[in-house]
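Dear colleague,

Please find below the structure that I am handing over to you. My findings follow it, and I would ask you to read them with the sequence and the model side by side.

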Amino acid sequence: MIVARDIRKRFGVVEVLKGVSLEIAKGDVVAVIGPSGSGQSTFLRCLNHLETIDSGAVAIAGETLVSTDAAGVCRYAPDAELRRICRKMGMVFQQFNLFPHLTVLQNIIEAPITVKGLARDAIIPQAEELLRKVGLLDKCDSYPARLSGGQKQRVAIARALAMEPDIMLFDEPTSALDPELTGEVLRSMRQLADEHMTMLVVTHEMAFAREVSGYAAWCSWTRASALSKRAPAPAEMFSSPAHPRTQAFLEHML
Ligand code: ADP
Ligand code: MG
């Protein structure tokens, strides 16, 4: 579902991604763990073209988003194709990014109507079903300001799912939440994993990372080293991290 090869990305003089490679198969749940500032968000943003890469290649569900030729020239797919490919990915951000002036239901139906051109009446039952799934149907007419952080994040998950993505990218979805609100968001994510959604999750929730490990491929992340093509099994990574920096990070986090 995701093939990223040798992704390089610099901001000014700082090279944040120094040749990162990762492959994710259908139904994999992959957790990216690592220290802040190591380029985790940048990597996710490179996958769905919120950032452009300097070199490397990305393919999503078998379609080339960007590639780099032998001469080192990096080429993106034409615009219309880029948009179509990126729509295969839903994204959930640390800061929720809900539209504050729209109700919960309006937040969910906005993109299906404006981007996909679906009729309002057609999308509403589906939106309500998604809200039921994340346990928030009773909040459909509320504005985001009236919701807790955990509720906002569950709306954000439902909103991403309303576009029927094949892949969900999560960028520290619980980092802005109080601990008691984290569980409800993780429950929704676990449910998605149970339904075999392909998921790439940047997280500091070690328990969650280990728990989804039943279906998870795993990767550790360090600034300087590339992810292995096929990441180690989670148990293995937790019990005997291969890289000293992974080891140090886990010792600190667990
Ligand atoms: P992480 O998500 O792992 O905490 P980020 O991907 O957000 O890390 O950032 C990695 C590094 O790149 C940081 O040093 C950050 O300051 C820098 N960075 C991220 N985005 C930009 C940007 N748009 N312009 C300049 N520097 C950036
Ligand atoms: Mg980040």
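On the face of helix α4 that is turned away from its buried side, the exposed residues are Asp 121 and Ala 122. Please note that the model is a predicted one. Helix α4 covers residues 120–133, which makes 14 residues. From its first C-alpha to its last it reaches 20 Å, close to the 20 Å expected at 1.5 Å a residue. Its buried residues are Ile 123, Ile 124, Ala 127, Leu 130 and Leu 131. Seen down the axis of α4, these buried residues fall within an arc of 130 degrees, so they line one face of the helix. The elements that cover them include α3 (104–114) and α5. After α4 comes Gly 135, which has a positive phi, near 75 degrees.

Helix α1 is mostly covered, as six of its eight residues are buried. These are Gln 40, Thr 42, Phe 43, Leu 44, Cys 46 and Leu 47. Is Thr 42 buried or exposed? Thr 42 counts as buried because its relative accessible area is 12%, and the cut-off for buried is under 20%. Leaving aside residues up to four places away in sequence, Thr 42 touches Lys 9, Phe 11, Val 16 and Leu 17. Just after α1, His 49 takes a positive phi of about 65 degrees.

A further residue to look at is Ile 167, which is placed in strand β8 (residues 167–171). Ile 167 is buried, with a relative accessible area of 0%. Its contacts, not counting residues up to four places away in sequence, are Met 1, Ile 2, Ile 60, Lys 88, Met 89, Gly 90, Met 197 and Thr 198. Ile 167 and Met 91 are 76 residues apart in sequence, while their C-alpha atoms are 8.6 Å apart in space.

I turn next to the open space in the model. The largest pocket holds about 660 Å³ of space. It is lined by 22 residues, of which Cys 86, Met 89, Gly 90, Met 91 and Met 163 are the closest to its centre. The elements that give two or more residues to this lining are α2 (79–86), β7 (89–92), α3 and α5. Among these, α2 gives the most, with four residues. Sorted by class, the lining of the largest pocket has twelve nonpolar, five polar and five charged residues.

How many cavities of 30 Å³ or more does a search of the whole structure find? The search finds two. In the largest cavity there is about 50 Å³ of space. The residues that line the largest cavity are Lys 133, Val 134, Ile 157, Leu 161, Ser 188, Gln 191 and Leu 192. Two or more residues of that lining come from each of α5 (149–161) and α6 (179–194). Helix α6 gives the most to the lining of the largest cavity, with three residues. By class, the lining of this cavity has four nonpolar, two polar and one charged residues.

With kind regards

Terms used: Residues are numbered from 1 along each chain as its sequence is written. Chains are lettered from A and ligands numbered from 1 in the order in which they are written. This is a predicted model: local features need pLDDT of at least 70, side-chain atom pairs count only at pLDDT 80 or more; totals for chains, interfaces and linings use all residues. Side-chain values use heavy atoms; hydrogens and water are left out. Buried means under 20% relative accessible area, exposed over 50%, partly exposed in between (1.4 Å probe, protein chains only). Contact means heavy atoms within 4.5 Å. On a 1 Å grid over the protein atoms alone, a cavity is a set of points where a 1.4 Å probe fits but cannot get out, and a pocket is an open set with protein on both sides within 12 Å along at least five of seven lines; lining residues have an atom within 4 Å of a point. Grid points are joined across faces, edges and corners, and a volume is the space filled by probe spheres set on the points. Ala, Val, Leu, Ile, Met, Phe, Trp, Tyr, Cys and Pro count as nonpolar, Asp, Glu, Lys and Arg as charged, and the others, Gly among them, as polar. The expected span of a helix is 1.5 Å times one less than its number of residues. The arc is that of the directions from the helix axis to the C-beta atoms.
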